[in-house]
Amino acid sequence: MLEIAENGRTWLLSGPASSYAVHVTDRDELLHLHWGPAIALADAEALAVRPLPEYWPFESPLDGREEYPVEGGPRFTRPALSVRTEERRGTQWTFEGHDVEDAELRLRFADDGLAITLHYRMRHDVVERWVTLRNEGPAAELLRADSATWTLPDRDEWRLSQLHGRWASESRLVRSPLTYGEKVIGSRRGHTGHQHLPWVALDTDATEERGEVYGCALGWSGSWRIAVAQLPDARVQITGGAGHDDSGLLRLATGETFTTPVFAGLWTDAGFGGASRAWHAYQRAYVVPDAERDRPVLFNSWEATEFDISEDQQRELARRAAEVGVELFVVDDGWFGTRTSDRAGLGDWTPNPDRFPAGLKPLADDVHALGMQFGIWVEPEMVNPDSELYRAHPDWVQHQVGRTRTELRNQLVLNLAREDVREHLFEQLDELLSSAPIDYVKWDFNRCFTDAGWPGEAYPQRLWVDHVRALYDLLDRLRAAHPGVAFESCSGGGGRIDLGIMSRTDQVWTSDNTDPLDRLAIQDGFSQVHPARVMAAWVTDSPNTQLNGRASSLRFRFVSAMAGVLGVGGDLTRWTEAELAEARDWVALYKEIRPLVQRGELHRLRPPRGGLSAVQYVRGDESVVLAWLQAQSYGEPVPALRLRGLDPAASYECRETGEAYRGAVLLHHGLRTGLRGDLDATVLRLRRI
């Protein structure tokens, strides 16, 4: 809901539980008024008439109170907008008015031919914010154009939550006290990055189920930056957007427009778990394509075969995958060009004639005949120097004149910002998806930008932004041309996970680390902001030869992967008949609980810190608990799990124990799982009776 004061200078957006208010003063200063529990318009108007403190000359009364700080004038905080022309630098804007369309508020400002529009939209209790800049004057350089600055209320001792990591160890949750100064996270790598997810949360004393939490998530799949600042007067602001520094984002010629990505914010008083559930509901409703449709159980060939693949071998894997209940069979790397290792073939997206002499269609038809969908792996933004594409167009890669072209994983990055590159990729991929009944594409991105040059381009810095915009355009066009094809985002695992890429793909590859124990911590961090509906997880072979050599039971591997979108990635031709039979039972069970896992409300019962850990999903009258016993000392009892989200007055039947429990007992006293040293994971199913 959007309410506007009679003077047309105070606006209040309200969701089911929260409100957001801003105000433009008579001096055209845009001030933040409120973000938090729901208030009335009269409350916002009362906040609008409060005078600013008089800090000048050594501090500014605007700092920490402006809704969108610009560079210039009496301001000392980090600017969200920094503009440079040949004559001047900075912004001195005037308020032009506001517009409302489809519950979207637009506040319009102008400065010497630059039109600045701030956009607001409340969805559930998530506030979406972004900015449009249109240049009607002489050429202007955008040094920085952030999507939003978020202002927090006065509180004591803020605590910052963030998700950090590295390849194969993504999404690790860490919480630390916020101190004076700035905490800056981001990516300088050209993609979202394994090192940080573009999300932060702040609280003072929240628990998993209680307390105020403020969270912000950025929808951008390239380099980005989020700065959390505690100012000298203890006020806190969060500023974020595309780009990793202030060296130049874009140059806007006369008539050109730039729209920033969405930077979304959420307030809740239901603790970290309540914040996660709100984020998940928002993404399923407004971000993830076809989120109401559950994702199928897939098999991926990578860990079973790597590059050593053949058509007959894939048929045998497909036959075994179908026997255990898999619904989607995916041929990973090695099906195209001269791709027998990672040294050649990237860029040549036609089937290898020795391995697939009649193309992919015969295998795809056989997979469909087995009752499964068919998918493939691609990495369109990359090229090997040993490829037909590179030999024909060496100028199509990012590079700096006179510098060695850095190869990582024996590959270079194509310059998607070039229209000819983008058109070539669309034509190749469109032809590929038309050549065979392909239902699914795993879209990978296996190296960072290093030589982000564009020889001959007047403003080569725009490559950083335009590459991402071109990626989005390419995905949008392919989805429109092939509406039945689903896409997965991958970047060496979790290197490109954000609201921007998730609005164009059906799921994401969470991590290249498939060790089921390591995955518990990765999935716990991921769940802080993103839903299980998009979190792909595989059951692979034991011991885990890809990373750590750890042995784990098939039960533990399956229950770990069942917490998201279940996949299988082991070499099924080497599994015993007993293992295949057990796998068939686990897949069947997952299909039964899939609607709860992928579309239910998540409750993190016990974090993965050793000992017992568990998550619970609730949907309607049903609930499912996935629990893991990571370690147990001799004689130490396994604690009961206190469940969440149930009706305390109702009774529930537990399918594992065959007993009935009152909801109040489960909420306050807990449920024993029966886990022990030789039973290291379990699935508990509860139904209201």
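Start by selecting helix H7 (residues 419–435) and helix H8 (residues 463–481): their axes come within 10 Å and cross at roughly 30°. Helices here are DSSP runs of H or I with at least four residues, strands are runs of E with at least two, and both are numbered from the N terminus. The axes are lines fitted to C-alpha atoms, for helices over the stretch in contact, with angles running from 0 to 180 degrees between N-to-C directions. That crossing angle makes H7 roughly parallel to H8; the label covers angles under 35 degrees, while over 145 is roughly antiparallel, 65 to 115 roughly perpendicular and the rest oblique.

Before moving on, note that this is a predicted model, where local features need pLDDT of at least 70 and side-chain atom pairs count only at pLDDT 80 or more, while totals for chains, interfaces and linings use all residues. Residues are numbered from 1 along each chain as its sequence is written, and side-chain values use heavy atoms, with hydrogens and water left out.

H7 passes H8 in a right-handed crossing, that is, the near helix is turned clockwise from the far one by less than a right angle, with anticlockwise being left-handed.

Select helix H11 (residues 554–561). Seven of its eight residues are buried, so H11 is largely enclosed by the rest of the structure. Buried means under 20% relative accessible area, exposed over 50% and partly exposed in between, using a 1.4 Å probe and protein chains only. The buried ones to highlight are Leu554, Phe556, Arg557, Phe558, Val559, Ser560 and Ala561.

What do they pack against? Bring up helix H10 (516–526), strand S30 (535–539), strand S31 (565–568), helix H12 (577–599), strand S34 (622–629) and strand S37 (681–688).

Pro516, Leu517, Arg519, Leu520 and Gln523 of H10 meet Phe556, Arg557 and Ser560 of H11.

While you're here, pick Pro543 in the loop between S30 and H11. A cis peptide bond joins Ser542 to Pro543, with omega about 0°.

**Over to H12**

Click on Arg594, which lies in H12. Is Arg594 buried or exposed? It's buried, at 11% relative accessible area. Setting aside neighbours within four places in sequence, Arg594 is in contact with Asp294, Arg295, Pro296, Val297, Glu327 and Arg599.

**The nonpolar cores**

A nonpolar core is a set of buried Ala, Val, Leu, Ile, Met, Phe, Trp, Tyr and Cys residues joined through side-chain atoms within 4.5 Å. The largest has 172 residues, and Trp335 and Leu626 touch the most other members. Center on Trp335: beyond its neighbours within four places in sequence, its contacts include Ile309, Trp349, Phe356, Trp377 and Leu432. A second, separate core has 21 residues, among them Leu605, Leu643, Leu646 and Leu666.

**Some strands**

Strands S5, S10 and S19 form an open sheet in the order S5-S10-S19, with antiparallel pairing; two strands pair if DSSP finds at least two bridges between them. S5 (81–84) and S19 (250–252) are the edge strands, each pairing on one side only. Four bridges join S5 to S10 (residues 140–145), and Leu81 has Ala145 as its bridge partner in S10.

Then select S11 (residues 148–151). Ala148 and Trp150 point one way, Thr149 and Thr151 the other, and all are buried. S11 runs antiparallel to S18 (residues 236–242), joined by four bridges, and Trp150 has Ile238 as its bridge partner there.

Glu157 sits in the loop between S11 and strand S12 (159–166). Its phi is positive, about 55°, although it is not a glycine, and it is exposed at 71% relative accessible area. Finish on Arg409, in the loop between helix H6 (388–392) and strand S26 (412–413). Phi of Arg409 is also positive, near 55°, and the residue is partly exposed at 29%.

Key: Contact = heavy atoms within 4.5 Å.
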